[in-house]
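Q: Please take me through this model by asking, for each description, on what grounds it may be given.

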Amino acid sequence: MESPYAIEMLHITKKFPGIIANDDITLQLKKGEIHALLGENGAGKSTLMSVLFGLYQAEEGEIRKDGKPVKINNPNDANDLGIGMVHQHFKLVECFTVLDNIILGVEPNKHGFLQKQEAREKVMALSDKYGLHVNPDALIEDITVGMQQRTEILKMLYRDNEILIFDEPTAVLTPQEIEELMQIMKNLAAEGKSILFISHKLAEIMAVADRCSVLRKGKYIGTVETKNTTMEQLSAMMVGRNVNFHVEKGPCKPGEVILDVEDMSVASKVHKNDAVKHVSFKVRKGEIVCIAGIDGNGQTELVYGLSGLEPLKTGSIRFKGQDITHASIRKRNTSGISHIPEDRHKHGLVLDYSLEYNMVLQRYFEERFTSKAGFLKRAPIREYAERLIEEYDVRSGQGPITPARAMSGGNQQKAIIAREIDKEPDLLIAVQPTRGLDVGAIEFIHKQLIAQRDAGKAVLLVSLELDEVMDVPDRILVMYEGEIVGELDPKTTTQEELGLYMAGAKRDEVKA
Amino acid sequence: MKKNLLKNPAVQSLIASLLCIFLGLLIGYIVLLFINPAGAWDSIVEVVKNFMHSPRPERQLRSLGTTLVRTAPLLMCALSVLFAYKVGLFNIGVAGQYVAGVCAALYAALAWGWGWLPCMLFALAAGAVLGTLVGLLKAYCNVNEVISGIMLNWITLYTTNMLLSKVKEVASPYTLHLTSNAPQALLPTLGLGRFFSDNQYVTIAVPLAILFAIGVNIVLDRTRFGYELKATGNNRNAAKYCGMAEKRNIILTLVIAGALAGLGGSMLYLTDLEQWSVTATSVPGMGFNGIAATFLGGLNPIGTIFASYFIQHITDGGTNVDLTMYCAQISDLISAIIIYLCGFVLFIKQSMNKRIAKNEELRLQKARLAAEEGGTK
């Protein structure tokens, strides 16, 4: 009997040092269905897809195509099996035409000469059949994001792929484009293609998918038929109900407004739509405000705008009553803003510098560390670093002279936190401060944030971790597609409700 | 746990540099074998011997002095490259900045009759101006410093030829001798020549270049400016995050790099050891050799002193190759091969690190396996 499944991944287990990325995960994709794969960041979706594409080899489990076990050792094997993927960030050559991009790598040729006419006919036929409406002669850099994505889809179809994987395809699209994409996906499925749709947007999953498999923290939670489920149910499956630990904190006593953001927009680096769209909010003394949301909804760019790493497209920022919209980064840093960056290796540390040099990264230019002639004062730097190491319990092999590169992630983060908090800022911006850290370090960092709040400072926390979002802040602002779609009180809201806002299934008109 | 000596970066640099030198000599030797096996060994020995070529000690000393005279400008060029490299910039324009220094120094000396100090400062300024141009283009228009540097090299070369044509000898393409035409511009020797069998070309340029190397080391290691430069070079994003003025630092770095190279130009030509040929159709190798010296010196100003000397040593040694057996270009070819291999220091260091990491990984794996087996038994 013929197998009803186009591709099956059975009991896949993939371990990395210290973490099980995929723990006995089973995913069965039926022929001609649209199957959603749902999960938070770090749930193991990417790892699972990397296993399917042969980028990683699973320790346990097997992959079957049409019921027969197959071995996928590299992406070429996956390609030969008819598996194709539209990546979140398109893999297109900007200065080539649509047609050139589609045939790239599989150019039809006779004796080494391109036979484009043949290719053009095939592309146009496919385009008409599935309603993709592309202009084969347009340059990629001139066309819309939606059309670029359709070019990616055509790339898969041109290669006669039967199994199509869409990796968060709607993240970069406008609502109209999403609408079109949904229709295209349905057309493809109707023509017998099998589609795997990776997403964490519940509304889209409900609208387009036949079935949905859910992963959480590397584990397989279950597969449900979308017509028999609700968004609330899916949300609960995605985030889970069990809260691991609780943060002790007293009542919040908010004071005057420290940060006042109005109508802020920031351009995106990866697509043409703005990453942050006309956002307004305030942060007061003595409160922790959390920007919650799924990764890639504009949080990173929002912080870049606040810290001065990226210019604003529209709007203004007032800090302690002063307009700092156009102030330099140094000016912001010295006037009372501290910033614990999202990526400690990219922004937070100079990895080849010693711990002590990293400790003074934000204040090496102060008189206590630099003489009038411009020489660094080594002894005060050493003393200062030693004090911070002591106070914040930063552990390292050789103390102040340890290269930052040689330190563990948790201690690198502690060093950054020590440096930023010791500046005694009026506003502390902490972006995913506990990412990748163990429970002990997380607890320490949460305590520090709350201590700052209790000392009357304003804290802006950006987090992707639902537990953190529920436990640490006094107010939650949910970001979705570059906008603030809800303001929640962590004391009265539930994770399920939060999940609905984060996935765009629910939104309020939020007043600034 | 036993400390792995090979993991020490300084030791690594030293080993990698020595390995490069050895490989360069080996390949040079093989090339000579192909051309004419009879004289290959003798020739490569000549290259390594350089000033020891002559059997007479006083001749040896004299020729050592000449090598030192040429080492000084090379060191300045190497420092220029090194300084820019610490900020993540590749100053290939060093060759042109060096020529600009030569041009400014000779023109000021011969046409205007300036003294040696103003000539030197003028050379420094000329190099700095070129550096500024590259820096401004890089900082404000994001023009790659390699492209603008190479283009400026040619512009500078022909401008120099044009200007120096006004102060050349009537019968030859060479500029006038300073000794007879502008003795006021000769660099003071402070009697240094006495140590090298009265080699009058050994001047303050030699100790001055070494002082500059030490100075660069201090600036990079001890000052706020050096702290910012290295932070920018190591992690541009972190430098931006903590508010360092990136544009200003890029421009300032290239100004200083240009100034060092320009000064280097005056350090050679104000000794009168060489005269500039206004028919030159290529930029002198001094600047490019500076790039090799930087890498051979392990990107360390002090290491660069020795690397510069070594490169000049074999370049001069190359001229002693027996020309009855090989054509005249052979000396340049051999030194070019060795210098080329010198650029591989970073590559060798990387593969060394990879090997060490791999070995450790294997050892850990074995230990784990052994532990697991022990556990099951």
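**Grounds for the descriptions**

Q: How do you know whether the radius of gyration of chain A agrees with that of a compact globule?
A: The model is a predicted one, and for 512 residues a compact globule would have a radius of gyration near 24 Å, whereas chain A has 25 Å, so the value agrees with that expectation. The C-alpha atoms of chain A, taken along the principal axes, fill a box of roughly 75 × 50 × 50 Å.

Q: What share of chain A counts as buried, and what share of its contacts joins residues 24 or more positions apart?
A: A residue counts as buried if 20 or more other C-beta atoms lie within 10 Å of its own, and 46% of the 512 residues of chain A count as such. Among the contacts in chain A with a separation of 6 or more, 69% are accounted for by residues 24 or more positions apart. Chain A holds 17 helices and 22 strands.

Q: Why are β14 and β17 of chain A said to stand at the edges?
A: The open sheet has 4 strands in the order β14-β13-β16-β17 (chain A), with antiparallel pairing. In this sheet β14 (276–284) and β17 (322–323) of chain A each have a single partner strand, so one side of each is left without a neighbour in the sheet. Helix α9 (residues 299–307) of chain A packs on this sheet, where it touches β13 (257–266), β14 and β16 of chain A, and its direction makes about 120° with that of β13(A).

Q: What makes β16 and β17 of chain A a pair?
A: Pairing requires at least two bridges between the strands, and 2 bridges join β16 (residues 314–319) of chain A to β17(A), the two running antiparallel. In β17(A), A:D323 is the bridge partner of A:R318.

Q: How many residues of chain A are in contact with chain B, and how do they divide?
A: In chain A 22 residues are in contact with 14 residues of chain B. On that side of chain A, α10 (329–334) and α11 (344–348) each supply at least two residues, and the residues divide into 12 nonpolar, 7 polar and 3 charged.

Q: How is the crossing of α4 and α5 of chain B described?
A: The axes of α4 (residues 94–111) and α5 (residues 116–141) of chain B come within 8 Å and cross at roughly 145°, and the crossing is right-handed. The residues of this contact divide into 13 nonpolar, 5 polar and no charged.

Methods:
Residues are numbered from 1 along each chain as its sequence is written. Chains are lettered from A and ligands numbered from 1 in the order in which they are written. This is a predicted model: local features need pLDDT of at least 70, side-chain atom pairs count only at pLDDT 80 or more; totals for chains, interfaces and linings use all residues. Two residues are in contact if their C-beta atoms, placed from the backbone, lie within 7 Å. Axes are lines fitted to C-alpha atoms, for helices over the stretch in contact, and angles run from 0 to 180 degrees between N-to-C directions. The radius of gyration is taken over C-alpha atoms; the globule rule is 2.2 Å times the number of residues to the power 0.38. A residue is buried if 20 or more other C-beta atoms lie within 10 Å of its own, exposed if 12 or fewer, and partly exposed in between; C-beta atoms are placed from the backbone. Ala, Val, Leu, Ile, Met, Phe, Trp, Tyr, Cys and Pro count as nonpolar, Asp, Glu, Lys and Arg as charged, and the others, Gly among them, as polar. A crossing is left-handed if the near helix is turned anticlockwise from the far one by less than a right angle, and right-handed if clockwise.
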